[in-house]
Amino acid sequence: MPERILTNAELEKMVDTTDEWITSRSGISARHIAAVDQTTADMGSIAAQRALEAAQLTPEKIDLIIVATCTPDKLFPSTACLIQARLACKNAAAFDLSAACSGFIYALSVADQYIRAGNAQHILVIGSEVLSRVTDWQDRGTCVLFGDGAGAVVVSATPEPGIIATRLHAMGEHADILSLDNATLTHETCKIKMQGREVFKLAVNNFSDLISDTLIANQIKLSELNWLIPHQANMRIIESLANKLQLPLEQVIITLQEQGNTSAASIPLALDAAVRDGRIKKGQLILMAAFGGGITWGSALIRW
Ligand SMILES: CC(C)(COP(=O)(O)OP(=O)(O)OC[C@H]1O[C@@H](n2cnc3c(N)ncnc32)[C@H](O)[C@@H]1OP(=O)(O)O)[C@@H](O)C(=O)NCCC(=O)NCCS
């Protein structure tokens, strides 16, 4: 996460809003904002370096780097190539993947296919975003929601697959309700546009089906699940999901209060928090689920 923290109190001075409105409608109290010269590749490199350390791997062991982002440093070269150079992953292929807030789940699914096909041994999957740069700071309906950050994992070939299954979906007919036109670091006029209520409805309607379908397809009961890591967009969406599933909120990893919605970075950031504070333990069953612009949505069922 970048160092700078933007609180709801500060937002009260920027747009016509209140801390009470933001926390009651979204659950968000603060978000991190990148420094003016800090980019998606900068944050992604740090997250990837820490993932390599956690996996105890040297950079040359990485066969592929996938960066999920909707705020790449440039349209090309890909942010993945920029990170490859910084980390000296000299044996890796590298590309970016665009699926907005579902990007990390999409990237994880691609990595899983490479591993299962025997085409890679170790893959860096990174979600990194500087949404603050494409946020319209005069639009109170969006600017209170988003934040910056990066998270990363290494996916490795093992005899027992850690990624049990992934499911991906898209509804391109809803492209207009959440969009960002031609955004790169230098396109300062391009900002996120969102019909919040419509996004909210689609998320609530599709999220619980996604999770039930994932569990049924893999013959797993909800009671066997240790943790749900949902995309960190809005506390009310997460609560409604937990309610529908009848899953106690104590089993849901939630970081959005202090981070806001960091799009493709939100799930790996939440995963990182729960692994490092000891909540997630080896052998536990985790379901990750995301939705975002596209509209896209998807899940990943994982044995940690
Ligand atoms: C954006 C969101 C928080 C708005 O909450 P909501 O309960 O749907 O609020 P509405 O859009 O119905 O707006 C209600 C009122 O609050 C106002 N409002 C919007 N943003 C506001 C803010 N930051 N502060 C104060 N008032 C605000 C609206 O203008 C509206 O006023 P009106 O009734 O006078 O027109 C909610 O729709 C949401 O979270 N949607 C999903 C967004 C999301 O997750 N996007 C990312 C997907 S990956």
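Student: Which residues is Ile66 in contact with, once its neighbours within four places in sequence are left aside?

Tutor: Ile66 is in contact with Ala80, Phe95, Leu97, Ala107, Val110, Ala111, Ile123 and Val125. Contact here requires that two C-beta atoms, placed from the backbone, lie within 7 Å. The model is predicted: local features need pLDDT of at least 70, side-chain atom pairs count only at pLDDT 80 or more, and totals for chains, interfaces and linings use all residues. Numbering starts from 1 along each chain as its sequence is written.

Student: Which residues touch the most other members of the largest nonpolar core?

Tutor: They are Ile65, Ile66, Val125 and Ile126, in a core of 91 residues. Helix α5 (residues 103–116) gives the most to this core, namely 8 residues. A nonpolar core is a set of buried Ala, Val, Leu, Ile, Met, Phe, Trp, Tyr and Cys residues joined through C-beta atoms within 7 Å. Helices (H or I, at least four residues) and strands (E, at least two) are DSSP runs numbered from the N terminus. In soluble globular proteins, nonpolar side chains tend to be buried together.

Student: How do you know whether Ala88 is buried or exposed?

Tutor: Ala88 has 12 other C-beta atoms within 10 Å, so Ala88 is exposed. Ala88 lies in the loop between α4 and β4 (93–97), and has a positive phi of about 60° although it is not a glycine.

Student: What makes Ser263 count as buried or exposed?

Tutor: Ser263 has 34 C-beta neighbours inside 10 Å and therefore counts as buried. Ser263 also has a positive phi, near 55°, and is a residue other than glycine; its place is in the loop between α9 (256–259) and α10.

Student: Why are β7 and β10 said to stand at the edges of the sheet?

Tutor: The open sheet has 4 strands in the order β7-β12-β11-β10, with mixed pairing. Because β7 (163–170) and β10 (227–230) each have a single partner strand, one side of each is left without a neighbour in the sheet. The twist from one strand to the next averages 10°; angles run from 0 to 180 degrees between N-to-C directions, and axes are lines fitted to C-alpha atoms, for helices over the stretch in contact.

Student: How many bridges pair β11 with β12?

Tutor: Two strands pair if DSSP finds at least two bridges between them. β11 and β12 (residues 296–303) have 8 bridges, in the antiparallel sense. Ala289 stands opposite Ser299 in β12. Helix α10 (residues 266–276) packs on the sheet and touches β10 and β11, its direction making about 145° with that of β10.

Student: Where is the cis peptide bond that has omega near -10°?

Tutor: That bond runs from Gly294 to Ile295, and Ile295 has its place in the loop between β11 and β12. A cis peptide bond also joins Phe76 and Pro77, with omega of about -5°.

Methods: A residue is buried if 20 or more other C-beta atoms lie within 10 Å of its own, exposed if 12 or fewer, and partly exposed in between; C-beta atoms are placed from the backbone.
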